[in-house]
Amino acid sequence: MDTDSSRVESATNLSGLRGSVLALVAVADTEEALEQLRTELLGKKGQLTQAMKELGSLPVEQRKEAGQALNLIKTEVEQALSQRIASCAAERREAALQSEWIDVTLPVSAPLFTSTGTQHCLTRVRRELEEIFRSMGFRVVDGPEVEKEYYNFEALNIPATHPARDMQDTIWTTDGNLLRTHTSAMQVRALERLEPPLRIVGPGRCFRYERLDASHEHTFYQMEGMMIDRDVSIPNLIYFMKRLLREIFGSEQKIRLRPGYFPFVEPGFELDIWFQGRWLELLPCGLVHPRVLESSGIDSSQWQGFAFGLGLSRLVMTRYQIDDIRYFQSCDLRFLKQFA
Ligand code: PHE
C-alpha cells in the first residue's frame, strides 16, 4: 500500500532506514551477495533510489533536509559496500593461497612410500666385501672420483709418455684433473696417509673412455686392495687372492694366473676364474712396485706388499648372472627390483 502517509513516514524515518541498510551490508559475506545488495539498494529500483524519489511528496521545508540526509546515507552505504567487497575479495584470495600453499619441506604423501627403494646390487656386494675384508684386518678407505693426474698415473709409475695411458683414456677437467680410471689412485693416497704395515681396500666408481658394449661401460666399479708388510711375497699374494675368492663365492674357485702388465706392480698378474665354461678376467694383481713405495717415502728394502684391483662390476655380473654391464646404470626398475 502506497499511501502518502507511508511515504512521508519512510522518508522521515531516515535514521531507521540507515541502520537497517548498513546492517544488511554488514552481514552480506560474499562479493556476489554484496553486488546484489548494491542493486537492491542503489539500483534504478533500489530501496534508496526509491526513497529519494519519494522525497517529492514531502512538504518543501522537510524535503531539503531529508534530501541531504538521504544523500549522506547513500554515500555511506556506497563506501560500506566497497569496503566490504574489498575485504571479501581479500579473504577469498587469502583462502585460495592457503589451500594452494605447499610446504616443500614436508615429507611426501604416503602413496609414494608404498614402494620403498632397495640397495643396488653393486652396493650390496660392495658392503659384503667390505665386511669380508674387515674381518681379514683391512681398513676400508675412500678417495675422490675426480682425481689428480699424479695419483691416477704419475705416482703409479705411469709417466705422461707411457703407452699404458692410452689404454686408460678418460674425461679430463679443464683444470688438468681427471675422472679416475681405476681405484689404484687410492693406493698412493693411502701410502701417504698411513704407516706400514697396512691393509686397505678402496671400493669406488671408475671412468673410462670406452667403446660401449655388453662388457664395457664408461662408468664401472672396482675395489682396490693393498697390503704392505715385511717380507710379503708372491705366495702371500696367491694365498690371499684364493681366500678372498672363497669368501666371495662360498667355495673354492678354479683359478689361473697369467702374467699381466701394470706399471705399478712387479711382477703383475691377471687372475682369472673359471666361470660358466670360460675363463673370466676378474682380479688383476701383483707385488707393489718399489718405485710406488719409494715415491710415497716408504723404504722398499724394509717393506713390500701386494695390490689387486677387483672388478666389482664384473664380480656382481658373475654372481647374479647379469649379461650386460649397462644394466647397472640403466635405472631400469625391472632390473633393480630383482635384487629387492
Ligand atoms: N688398476 C688396474 C686396472 O684398473 C688393476 C690393478 C690393480 C692391477 C692393482 C694390479 C694391481 O686395470
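1. In this predicted model, Leu14, Leu17, Arg18, Val21, Leu22, Val25 and Ala26 of helix α2 are in contact (heavy atoms within 4.5 Å) with Ala66, Ala69, Leu70, Ile73, Glu76, Val77, Ala80, Leu81 and Arg84 of helix α5. The residues of this contact comprise 13 nonpolar, no polar and three charged, where Ala, Val, Leu, Ile, Met, Phe, Trp, Tyr, Cys and Pro count as nonpolar, Asp, Glu, Lys and Arg as charged, and the others, Gly among them, as polar.

2. Helix α2 covers residues 14–27 and helix α5 residues 60–100, and the two pack at an angle of about 10 degrees with their axes 10 Å apart. The pair is therefore roughly parallel, a term for angles under 35 degrees.

3. Helix α3 (residues 31–42) also packs on α5, at an angle of about 165 degrees and with the axes 9 Å apart. That angle makes α3 roughly antiparallel to α5, the term for angles over 145 degrees.

4. On the α3 side the contact includes Leu34, Leu37, Arg38 and Leu41, and on the α5 side it includes Val77, Leu81, Ile85 and Cys88. By class, the contact of α3 with α5 has nine nonpolar, one polar and seven charged residues.

5. The buried residues of α5 (under 20% relative accessible area, with a 1.4 Å probe and protein chains only) are Ala66, Gly67, Leu70, Ile73, Val77, Ala80, Leu81, Ile85, Cys88 and Ala89.

6. Residues are numbered from 1 along each chain as its sequence is written. Local features need pLDDT of at least 70, and side-chain atom pairs count only at pLDDT 80 or more, while totals for chains, interfaces and linings use all residues, and side-chain values use heavy atoms, leaving out hydrogens and water.

Notes. Axes fitted to C-alpha atoms, helices over the stretch in contact; angles between N-to-C directions. Helix = DSSP H or I, 4+ residues; strand = E, 2+ residues; numbered from the N terminus. Parallel < 35°, antiparallel > 145°, perpendicular 65-115°, else oblique. Buried < 20%, exposed > 50% of the residue type's maximum accessible area, 1.4 Å probe, protein only.
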